[in-house]
Amino acid sequence: MDSRSQAPLKSSSFSSATTNKAAREVDRNLSLGALRHGDHDRRGAPAGAATWEQINEEGEEEEEDGSGEPGVSALSGEIDAFIAGHDAGVSIPEATLEKFAAAVEQEIAQSENARDKWAADGKGELLLAAIARVGALASVLAKNTEASAKYTSGAHRVTAVLQHAMSFLEDEFHALLEPKAADTCKLARRPASFEQGGHEADRCVLRPPDNAAHSAHAEPTQPYPPETVDRLRSIADTMVGAGYVTECTQMFLVARRNAFDASLRALGYEKASIDDVVRMTWEALETEIATWIKAFRHTIRKGFTTEHDLCAHVFAGRHASVGRAIFADLARCVMLNMLNFTEAVAMTKRSAEKLFKVLDMYEAIRDASPVIDAFLSVSANDEPAAGCNSDALTDLKAEIAAARSRIGESAASIFCELEGSIRADAGKQPVPGGAVHPLTRYVMNYLKYTCEYNSTLEQVFREHRRRDDAGDNPFAAQLTDVMELLNTNLEGKSRLYKDPALSNIFLMNNGRYMLQKIRGSPETNAMLGETWARKQSTNLRQYHKNYQRETWNRVLTLLRDDGVLTVKGHVQKPQVKDRFKQFNSAMDEIHKTQGAWVVSDEQLQSELRVSIAAVVVPAYRSFLGRFAQTFSAGRQTEKYIKLSGEDVEGIIDELFDGNPSSMTRRR
């Protein structure tokens with residue numbers, strides 16, 4: 001079990017604290033780096049601390065303890081004089097050392113049995129001042145070999161009392177750090193505001209929190225009331241000053257790490273191994289990613305600020321560098337655990353539907369860098385002794401940059417694989433009626449959502465897919481390549497149709513759909529630019545011309561007098577009869593065939609019908625006006641002249657609606 005996830009054990013008295021001390025050692029194996037060096041180590045604790053003048057000013061009302069022996073206050077003057085002047089040869093009776101140690105131990109015992117150790121009478125602060133004297137005294141005796149030899153019995157007694165005092169303070173420190181049961185229950189309950197909202201077709205979007213307190217700019221909730229923070233600071237100052245920096249900081253770090261983990265669980269985030277993530281279905285992983293993003297942003301925007309402020313308040317003044325080291329280690333531990341998830345996601349099989357969630361992760365990681373930079377700038381102004389704190393945050397910044405690079409590379413690869421998907425779509429079955437191909441719909445909808453991340457993808461492609469021919473925006477160049485590849489693929493699919501006219505209808509349908517999607521998305525339109533739109537419009541006009549040539553030029557040829565219908569001013573009745581028969585047959589075939597073709601875009605459908613009618617109907621009416629009188633009224637006219645001008649208009653208006661029909665059924 002990781003010692004960081006195990007809460008420190010609590011004891012309310014010296015006897016039980018001694019019993020539990022060995023068990024608590026399990027929680028003290030967390031490496032703190034910078035916390036194990038310098039003047040804070042108990043083997044080199046300073047004889048006179050920076051707050052020694054404050055300690056000298058502390059006084060007690062009782063001059064003697066309950067046994068008639070002098071109390072702490074009565075002995076403090078001699079102890080202070082010995083501490084301040086031991087280098088100058090000032091001595092003290094060994095009995096005084098033992099009496100002082102006994103007096104302090106008695107006060108500790110009384111405090112252990114007290115119901116409220118931190119009442120407003122100030123006795124708690126006086127006890128801390130007495131314990132600080134014991135620490136300073138133990139440091140003097142440990143450093144001075146001559147004094148240690150001279151005061152052997154007294155030194156042992158002072159050391160024993162110091163250990164007792166530190167065990168007592170550890171218990172008190174833990175009791176203050178440990179969250180109340182009610183708070184734990186409240187943390188474990190997942191707020192409704194973090195439930196998932198609806199899903200779009202290609203993206204999962206979380207519903208924004210209803211409560212303003214959950215907004216990104218809300219003030220972070222403080223983990224402890226001000227009076228508790230003051231008590232924590234007093235105890236921490238005493239323990240660190242006495243050389244027990246490791247015990248104090250490890251207990252604080254483990255407690256705050258456990259609290260931080262609880263806050264993440266309250267957001268629904270649970271740790272998962274890389275293997276678990278890799279084996280997840282996409283539906284499960286999509287939910288996990290959404291939860292991770294919520295927890296990660298909470299950590300960066302609120303969690304770190306809260307913990308940084310708490311460390312700064314508890315370890316203030318001369319111990320400020322200790323607090324900064326604790327925060328740096330806590331931030332690194334929490335963040336490394338969360339960044340492991342990004343590594344696992346980057347290792348999963350890449351597929352197009354993952355792009356948007358991967359980009360959401362990229363943006364969350366990218367936005368974390370300025371926060372870490374802000375903490376680094378604070379550390380940069382610290383004293384040189386705090387250099388290790390800056391190193392820990394620098395390492396964390398490097399880890400964040402590496403995670404961002406992994407996720408960015410994954411996002412770029414996923415998008416580039418879209419080209420492979422287009423190339424691989426080489427189906428040999430044409431779409432009925434020349435309708436919009438499913439590949440076209442998929443690619444264009446995919447690009448629409450993709451371009452909502454245009455600035456992020458531009459950043460990703462600058463970092464991972466730099467191209468010499470990309471100009472200012474490598475993502476825009478990649479997008480243009482995708483569109484060209486799609487056009488090429490569609491041209492290949494158009495050749496699957498045996499009828500050239502239908503091939504052009506297919507290209508018109510797909511080209512119009514692409515253009516409409518581009519113009520309907522400001523982001524995509526801006527990325528591809530007007531040059532691409534103009535080129536696409538030109539292609540559409542050419543497809544239109546090709547269709548009219550393939551279908552209607554033959555019909556119009558039937559309506560022309562090319563020297564066969566009239567010879568020397570005389571109408572050649574057999575040839576006229578044959579022309580009417582051919583025209584009727586052509587119109588019936590077109591009506592039956594092209595009525596089944598599909599043009600789903602109403603504007604394009606209308607444009608096609610209007611352009612056809614504008615050419616064919618006037619030509620037929622003119623032909624009808626010239627040659628209708630060739631036939632005698634009655635059955636002969638009905639046999640050859642089967643369509644009026646209005647009938648031709650009606651036939652044209654029924655084209656491209658996907659309903660096959662014939663003139664016979666129509667009549």
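Mentor: What follows is a walk through several charged pairs, one after another.

This is a predicted model, in which local features need pLDDT of at least 70 and side-chain atom pairs count only at pLDDT 80 or more, while totals for chains, interfaces and linings use all residues. Residues are numbered from 1 along each chain as its sequence is written, and side-chain values use heavy atoms, with hydrogens and water left out.

Side chains of opposite charge can pair when their charged atoms come close. The structure holds 21 salt bridges, a salt bridge being a side-chain nitrogen of Lys or Arg within 4 Å of a carboxyl oxygen of Asp or Glu.

One of them joins the side chains of Lys271 and Asp261, with 3.7 Å from N to O. Lys271 lies in the loop between α10 (245-266) and α11 (274-279), whereas Asp261 belongs to helix α10, so this pair ties together parts that are ten residues apart in sequence. Helices here are DSSP runs (H or I, at least four residues), numbered from the N terminus. Lys271 is partly exposed at 47% relative accessibility, while Asp261, at 10%, counts as buried; buried means under 20% relative accessible area, exposed over 50%, and partly exposed in between (1.4 Å probe, protein chains only). The pair also belongs to a network of salt bridges that links Arg257, Asp261 and Lys271.

Another salt bridge brings together the side chains of Asp360 and Lys357, at 3.8 Å from N to O. Both residues sit in helix α14 (residues 355-380), three residues apart, and are therefore separated by about one helical turn. Asp360 and Lys357 are both buried.

Since Arg621 lies in helix α22 (residues 602-627) and Glu649 in helix α24, the pair ties together parts that are 28 residues apart in sequence. Arg621 is partly exposed, with a relative accessible area of 37%, and Glu649, at 31% relative accessibility, counts as partly exposed too.

How values were computed:
Helices (H or I, at least four residues) and strands (E, at least two) are DSSP runs, numbered from the N terminus.
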